[in-house]
Amino acid sequence: MSSFDKIDAAILDALQQDGRLSNVDLAEKVGLSESACLRRAKGLENQGIITHYAAHLDEKAVGLPGTVFVRVSLVSQREEQLLTFEDAVLHVPEVMECYLMSGDVDYIVRVVVRDAPDYERIHHILTNLPGVDRVHSSFALRTILRRTRLPVTRIDQP
């Protein structure tokens with residue numbers, strides 16, 4: 001785990017709320033001089049704590065209102081088979097997240113889709129990825145909560 005103090009946590013929290021904050025506004029928000037704030041933010045980037053900056057898009061507004069969770073089982077759990085699948089799934093643009101799992105399936109994949117026929121197309125792609133034995137799909141009916149902001153200001157609290 002990377003180590004950071006309360007000021008670093010405040011910088012991280014502010015940037016997670018608004019990644020477009022200017023250094024001047026960020027410094028004011030966290031109570032630092034502009035130069036100290038810039039130095040801290042660059043340090044957090046150099047440590048790999050801040051990995052990148054991005055715009056979050058509304059999935060419905062861009063024509064991808066559907067979310068499907070896909071449980072994937074492979075033919076084998078040999079490391080070579082896992083790595084081959086992982087490399088292949090990286091190239092499916094509709095796959096938004098992919099997790100190696102413990103338990104009764106090997107991976108959980110989150111896919112965005114236009115509609116059921118669009119998912120049928122993606123299902124065909126997923127079932128033809130290397131090593132795939134079975135897939136089980138579940139359509140999300142409604143998103144209740146989806147966070148992108150980590151609770152960094154609470155890390156030091158019990």
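Helix axes here are lines fitted to C-alpha atoms over the stretch in contact, and angles between N-to-C directions run from 0 to 180 degrees. The model described below is predicted.

Helix H1 spans residues 6–17, and helix H3 spans residues 34–46. Their axes come within 10 Å and cross at roughly 80°. Angles of 65 to 115 degrees count as roughly perpendicular. H1 and H3 are therefore roughly perpendicular to each other. On the H1 side, the contact is made by Ile-7, Asp-8, Ile-11 and Leu-12. H3 contributes Cys-37, Arg-40 and Leu-44. By class, the residues of this contact of H1 with H3 are 5 nonpolar, no polar and 2 charged.

Asp-8 deserves a separate look. Beyond its neighbours within four places in sequence, Asp-8 is in contact with Arg-40 and Leu-44. Asp-8 and Cys-37 are 29 residues apart along the chain, with 9.1 Å between their C-alpha atoms.

H3 also meets helix H2, residues 23–30. The axes of H2 and H3 come within 9 Å and cross at roughly 100°. That makes H2 roughly perpendicular to H3. Asn-23, Val-24, Leu-26, Ala-27 and Val-30 of H2 make the contact with Glu-34, Cys-37 and Leu-38 of H3. The residues of the contact of H2 with H3 divide into 6 nonpolar, 1 polar and 1 charged. Cys-37 is listed in the contact with H1 and in the contact with H2.

## The sheet

Four strands form an open sheet in the order E2-E3-E1-E4, with antiparallel pairing. Strand E2 (95–100) and strand E4 (132–139) stand at the edges. Each has a single partner strand, so one side of each is left without a neighbour in the sheet. On average, neighbouring strands are turned by 20° against each other, direction ignored.

The pairings are set out below.

| Strand pair | Bridges | Sense |
|---|---|---|
| E2 and E3 | 5 bridges | antiparallel |
| E1 and E3 | 7 bridges | antiparallel |
| E1 and E4 | 7 bridges | antiparallel |

Individual partners can be named in each pairing. Glu-97 stands opposite Arg-110 in E3. Val-70 has Val-109 in E3 as its bridge partner. Ser-73 stands opposite Arg-134 in E4.

Strand E1 is mostly covered, with 7 of its 9 residues buried. Thr-67 belongs to this strand. Thr-67 is buried, at a relative accessible area of 8%. What does Thr-67 contact, leaving aside its neighbours within four places in sequence? The list is Glu-59, Arg-110, Val-111, Ser-138, Phe-139 and Ala-140. Among these, Arg-110 is also the residue opposite Glu-97.

In a regular strand the side chains alternate between the two faces of the sheet.

## Helices on the sheet

Two helices contact the strands. Helix H4 (residues 79–89) packs on the sheet and touches strand E1 (66–74), E2, E3 and E4. The direction of H4 makes about 165° with that of E2. Helix H5 (residues 116–127) lies across E1, E2, E3 and E4. H5 runs at about 160° to E4.

The loop between H4 and E2 holds Pro-93. Is Pro-93 buried or exposed? Pro-93 is exposed, with a relative accessible area of 64%. Pro-93 and Ile-122 are 29 residues apart in sequence, and their C-alpha atoms are 9.8 Å apart.

## Nonpolar cores

The largest nonpolar core has 20 residues. Which residues have the most contacts inside it? They are Val-70, Val-72, Phe-85, Val-111, Leu-126 and Leu-129. E1, H4, E3, H5 and E4 each supply at least two residues of this core. Leu-129 is in contact with Phe-85, Ala-88, Val-89 and Val-92, leaving aside its neighbours within four places in sequence.

Another core, of 14 residues, lies apart from the largest one. Its members include Phe-4, Leu-21, Leu-44 and Val-152. Leu-44 also takes part in the contact of H1 with H3, and Leu-44 is one of the residues in contact with Asp-8.

Note on methods. Residues numbered from 1 in each chain as written. Predicted model: local features only at pLDDT ≥ 70, side-chain atom pairs only at ≥ 80, totals over all residues. Heavy atoms only, no water. Parallel < 35°, antiparallel > 145°, perpendicular 65-115°, else oblique. Contact = heavy atoms within 4.5 Å. Nonpolar A, V, L, I, M, F, W, Y, C, P; charged D, E, K, R; others polar. Pairing = 2+ DSSP bridges. Core = buried A, V, L, I, M, F, W, Y, C linked by side-chain atoms within 4.5 Å. Buried < 20%, exposed > 50% of the residue type's maximum accessible area, 1.4 Å probe, protein only.
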